[in-house]
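Welcome! Take a moment to turn the model around on your screen, and then let us walk through it together.

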Amino acid sequence: MAQLFFRYGAMNSGKTIEILKVAHNYEEQNKSVIILTSGLDNRDGVGYVASRIGLKREAIPIFDDTNVLDVVKRTNTDAACVLIDEAQFLKKHHVLELAHIVDDLQIPVMTFGLKNDFRNELFEGSKYLLLYADKIEEMKTICWFCRKKAIMNLRFHEGQPVYEGEQVQIGGNEAYYPVCRRHYFYPPKLTK
Ligand SMILES: [Zn+2]
């Protein structure tokens with residue numbers, strides 16, 4: 001039976017590289033995958049998934065008014081798997097469409113994203129994935145400042161931690177760091 005997966009982790013927990021790896025594994029067996037990502041993600045231009053270690057490939061961008069079920073029906077209903085990066089930016093209706101891809105088309109859907117925003121609130125996409133996914137898995141990484149597991153994302157603006165503001169800043173001067181809870185509240189000074 002196909003399932004809906006949500007794999008979440010803090011910044012830098014290897015989510016994108018995992019997508020590229022899963023896609024490669026399917027394709028090595030001549031099985032096709034459909035890769036989608038948020039249209040909001042501007043790290044490397046719309047329509048790509050790009051990992052920090054330099055690998056990237058094209059992806060179908062998801063915008064607020066995109067119907068993901070229709071996209072998959074149009075693209076390839078024989079796909080072995082649907083992979084979604086930046087899943088935190090999905091809207092509720094997208095998550096419900098993903099559930100239909102799994103239940104109606106019997107195609108497994110694997111979504112990857114952040115759980116908490118920098119204010120330590122759930123993203124909309126993450127909230128509904130937590131509610132609707134069959135399987136929820138944490139991808140681990142360590143705190144930027146110590147060896148504990150990072151469970152939160154801290155936003156810095158010009159070297160200062162920020163706890164309020166818009167959830168999504170596009171093209172801003174912000175940097176995000178994976179942090180443990182203690183360093184979320186009491187981050188050391190950034191040295192670089
Ligand atoms: Zn820490």
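Leaving aside neighbours within four places in sequence, Cys146 is in contact with Cys180 and His183. Keep in mind that this is a predicted model. Cys146 sits in the loop that runs between β8 (135-139) and β9 (152-157).

**The zinc site**

What coordinates the zinc ion? The donors are Cys143 (SG), Cys146 (SG), Cys180 (SG) and His183 (ND1), at 2.1 to 2.4 Å. The angles among these four donor atoms are 104 to 114°, and the site is tetrahedral. Every angle has to lie between 85 and 135 degrees for four donors to count as tetrahedral, so the angles of 104 to 114° qualify. If you look along the sequence, you will find the donor residues spaced as C-x2-C-x33-C-x2-H.

The UniProt record, an unreviewed entry, has a "binding site" annotation that covers Cys143, Cys146, Cys180 and His183. These residues span 41 residues in sequence, yet no two of their C-alpha atoms are more than 8.3 Å apart, so they gather at one spot.

Apart from neighbours within four places in sequence, His183 is in contact with Cys143, Phe145, Cys146, Leu154 and Pro188. Is His183 buried or exposed? With a relative accessible area of 6%, His183 is buried, because buried means under 20%. Cys143 and Cys146 are buried as well.

**Glu86**

Now let us move to another annotated residue. For "active site", UniProt lists Glu86, again in an unreviewed entry. Where is the place of Glu86? Look in the loop between β6 (81-84) and α3 (92-105). Although Glu86 is in a loop, this residue is buried, with a relative accessible area of 10%. The side chains of Glu86 and Gln88 are joined by a polar contact of 2.8 Å.

**Two residues with positive phi**

Next comes a point about the backbone. Most residues other than glycine have a negative phi. Gln106 is not a glycine, yet has a positive phi of about 60°. Glu158 is not a glycine either, and has a positive phi of about 50°. Gln106 lies in the loop between α3 and β7 (109-113), while Glu158 lies in the loop between β9 and β10 (160-162).

Here is how accessible some of the residues in this tour are:

| Residue | Relative accessible area | Class |
|---|---|---|
| His183 | 6% | buried |
| Glu86 | 10% | buried |
| Gln106 | 39% | partly exposed |
| Glu158 | 61% | exposed |

**The whole protein**

Finally, let us step back. How many helices and strands are there in the protein? There are five helices and 11 strands. The radius of gyration is 17 Å, close to the 16 Å that the globule rule gives for 192 residues, so the protein is as compact as a globular protein of that length. The C-alpha trace spans about 50 × 30 × 30 Å along its principal axes. Of the 192 residues, 45% count as buried. Among contacts between residues at least 6 apart in sequence, 73% join residues at least 24 apart.

Key: Residues are numbered from 1 along each chain as its sequence is written. This is a predicted model: local features need pLDDT of at least 70, side-chain atom pairs count only at pLDDT 80 or more; totals for chains, interfaces and linings use all residues. Side-chain values use heavy atoms; hydrogens and water are left out. UniProt positions are given in the numbering used here, feature names are shortened, and annotations may be inferred rather than shown by experiment. Helices (H or I, at least four residues) and strands (E, at least two) are DSSP runs, numbered from the N terminus. Buried means under 20% relative accessible area, exposed over 50%, partly exposed in between (1.4 Å probe, protein chains only). A polar contact is a pair of N or O atoms within 3.5 Å; within protein, one must be able to donate a hydrogen and the other to accept it, and residues adjacent in sequence count only if both atoms are side-chain atoms. Contact means heavy atoms within 4.5 Å. Donors are N, O and S atoms within 2.8 Å of the metal (3.2 Å for Na, K and Ca); water is not among the atoms, so sites may look incomplete. Four donors count as tetrahedral if all angles lie between 85 and 135 degrees; four count as square planar and six as octahedral if opposite donors are over 155 degrees apart and all others between 65 and 115; anything else is irregular. The radius of gyration is taken over C-alpha atoms; the globule rule is 2.2 Å times the number of residues to the power 0.38.
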